[in-house]
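Please go through the chain below with its helices, its surface and its charged contacts in mind. The report that follows takes these topics in turn.

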Amino acid sequence: MLRHEFQPGKLVAGLFLTAAGAAYAGDARGLWDTPWFVIVPLVVAGLCLAGVTAALTRGIRGRGGAEGG
């Protein structure tokens, strides 16, 4: 049984922020060079996509859930 409600917006945000962290980790290890202007759009696009996902999830599920909010 799930302890909390699944929130896909947080999943999307986490995936994009993990990708940004992996890009910086690869840069720190010297595997590749990651300029700042690659990370900023990645993070901003991830947060915007997470917001859209959260809004769609709320629209589909409705305002009040089975638990009452």
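Which exposed residues does the face of H1 turned away from its buried side carry? That face carries Lys10, Thr18, Ala28 and Arg29, where exposed means over 50% relative accessible area, buried under 20% and partly exposed in between, with a 1.4 Å probe and protein chains only.

This is a predicted model, in which local features need pLDDT of at least 70 and side-chain atom pairs count only at pLDDT 80 or more, while totals for chains, interfaces and linings use all residues. Residues are numbered from 1 along each chain as its sequence is written, and side-chain values use heavy atoms, with hydrogens and water left out.

The chain has two helices and zero strands, helices being DSSP runs of H or I with at least four residues and strands runs of E with at least two, numbered from the N terminus. Of its 69 residues, 19% count as buried.

The buried residues of H1 are Pro8, Gly9, Val12, Ala13, Ala20, Ala23 and Gly26. They cover an arc of only 160° around the axis, which puts them on the same side of H1; the arc is that of the directions from the helix axis to the C-beta atoms. After H1 comes Gly30, with a positive phi near 85°.

In H2, the buried residues are Ile39, Gly46, Ala50, Thr53 and Thr57, and what covers them includes H1. Just after H2, Gly62 takes a positive phi of about 90°. Among contacts in the chain between residues at least 6 apart in sequence, 58% join residues at least 24 apart.

The accessible surface of the chain comes to about 5,500 Å², of which 68% belongs to carbon and sulfur atoms; such areas come from the Shrake-Rupley method with a 1.4 Å probe, and for residues only the protein chains shown count as cover. On this surface Tyr24, Trp36, Phe37, Val38, Val40 and Val44 form a nonpolar patch with about 630 Å² of accessible area together. Such a patch joins nonpolar side chains (Val, Leu, Ile, Met, Phe, Trp, Tyr) within 5 Å, from residues with over 30% relative accessible area and no salt bridge. H2 gives the most to the patch, with five residues; among them is Val40, partly exposed at 43% relative accessible area.

Side chains of opposite charge can pair when their charged atoms come close. A salt bridge is counted when a side-chain nitrogen of Lys or Arg is within 4 Å of a carboxyl oxygen of Asp or Glu, and by this rule the count comes to one. The pair is Arg61 and Glu5, whose closest N and O atoms are 2.4 Å apart. Arg61 lies in H2 and Glu5 in the segment before H1, so the pair ties together parts that are 56 residues apart in sequence. Arg61 is partly exposed at 39% relative accessibility, and Glu5 is partly exposed at 44%.

Key
Patch = residues over 30% accessible without salt bridge, like charges linked within 9 Å, V, L, I, M, F, W, Y side chains within 5 Å. Contact = heavy atoms within 4.5 Å.
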